[in-house]
Amino acid sequence: MRIDVITLFPEFMAQSASLGVVGRAAERGLLDLHGWNPRDYAEGNYRRVDDRPFGGGPGMVMLIEPLRACLAAAKAADPTPAPVIYLSPQGKPLTQAKVRELAALPRMILLCGRYEGVDERFLAAEVTEEISIGDYVLSGGELGAAVIVDAVTRLQEGALNDAESAAQDSFEGPQGLLDCPHYSQPAQHEWGDVPDVLRSGNHAAIARWRRQQSLLRTWLRRPDLLDESQLSKADRKLLAEAREGVEP
Ligand SMILES: NC(=O)c1ccc(NC2CCCC2)nc1
């Protein structure tokens with residue numbers, strides 16, 4: 001997948017995409033990441049990318065023309081069509097379903113705003129959709145872009161060593177349940193012992209326990225994600241059994 005990021009801080013994106021799963025995916029050619037700096041496309045001695053807002057008020061607004069030229073350069077670099085996604089608190093909340101949709105694309109262009117934002121005329125003319133990574137305000141869209149880069153890259157074929165681990169992630173299953181608890185060495189510890197079932201070697205019992213824990217955890221922590229009408233008979237039975245003796 002190719003991802004072009006329009007940002008005044010391309011070094012930030014390069015850094016965040018050089019580590020771990022994303023870094024490895026980039027090395028494997030699963031991710032082709034390009035940074036584009038609007039300042040490189042700003043005219044005049046001062047190479048202005050921002051100016052004061054009409055109507056007054058605090059802060060600055062990113063100007064149309066440097067962004068327009070910068071986006072044109074990014075599009076000219078590769079013929080593959082791509083949605084232009086603007087990160088902002090006014091965007092649609094990012095969900096794993098949206099991540100899966102984006103991960104299936106051959107390319108996307110991420111636009112990162114700074115200051116008070118981008119001239120509305122640029123958004124109206126060039127932006128396909130706005131996405132928010134949560135209901136809070138950041139100083140720039142770069143962290144949102146890094147979140148999207150990470151989330152879509154780990155879903156690229158071959159990015160994760162064990163494809164299963166992606167399927168067992170929270171929100172991944174068809175019902176979008178939370179992930180179950182995980183344990184490793186030591187089996188006994190002053191903070192508690194590993195549940196016996198996980199050491200039993202009984203893979204059916206282990207899968208059952210994990211499913212039950214995911215159901216219980218989702219019910220306790222994120223009931224908004226649990227649509228019991230969508231649960232199978234088996235899942236409803238597992239949840240009922242797990243609920244006994246547990247206060248939400
Ligand atoms: N919740 C978010 O996804 C988000 C995105 C961008 C941002 N700030 C940017 C937007 C325009 C100037 C700074 N803040 C928050």
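Author: A salt bridge is a side-chain nitrogen of Lys or Arg within 4 Å of a carboxyl oxygen of Asp or Glu. The model discussed here is predicted, so local features need pLDDT of at least 70 and side-chain atom pairs count only at pLDDT 80 or more, while totals for chains, interfaces and linings use all residues. Residues are numbered from 1 along each chain as its sequence is written, and side-chain values use heavy atoms, with hydrogens and water left out.

Reader: What makes Glu 65 and Arg 68 a salt bridge?

Author: Their side chains meet at 2.9 Å, N to O. The limit is 4 Å, so the pair qualifies. Both residues lie in helix H3 (residues 64–76), 3 residues apart, about one turn of the helix. Helices here are DSSP runs of H or I with at least four residues, strands are runs of E with at least two, and both are numbered from the N terminus.

Reader: Why is Glu 65 called partly exposed?

Author: Buried means under 20% relative accessible area, exposed means over 50%, and partly exposed lies in between (1.4 Å probe, protein chains only). Glu 65 has 46%, so it is partly exposed. Arg 68 is also at 46% and therefore partly exposed.

Reader: How do you know that Glu 126 forms a salt bridge with Lys 75?

Author: Their closest N and O atoms are 3.8 Å apart, which is within the 4 Å limit. This pair links distant parts of the chain, with Glu 126 in helix H5 and Lys 75 in helix H3, 51 residues apart. At 25%, Glu 126 is partly exposed, and so is Lys 75 at 39%.

Reader: Which class, buried or exposed, does Asp 235 fall into?

Author: Asp 235 has 6% relative accessibility, so it counts as buried. Its side chain and that of Arg 211 meet in a salt bridge at 2.7 Å, N to O. Arg 211 is in helix H8 (residues 203–221) and Asp 235 in helix H9 (residues 233–243), so the pair ties together parts 24 residues apart in sequence. Arg 211 is partly exposed, at 27%.

Reader: How many salt bridges are there by this rule?

Author: The count comes to 15. Salt bridges that share partners join Arg 2, Asp 4, Asp 78 and Arg 107 into one network.

Reader: What makes a set of points a pocket?

Author: On a 1 Å grid over the protein atoms alone, a pocket is an open set of points where a 1.4 Å probe fits, with protein on both sides within 12 Å along at least five of seven lines; lining residues have an atom within 4 Å of a point. The largest pocket has a volume of about 460 Å³, a volume being the space filled by probe spheres set on points joined across faces, edges and corners. Of its 25 lining residues, the closest to its centre are Tyr 86, Leu 87, Ser 88, Pro 89 and Gln 90. Strand E5 (84–93) gives the largest share of the lining, 5 residues.
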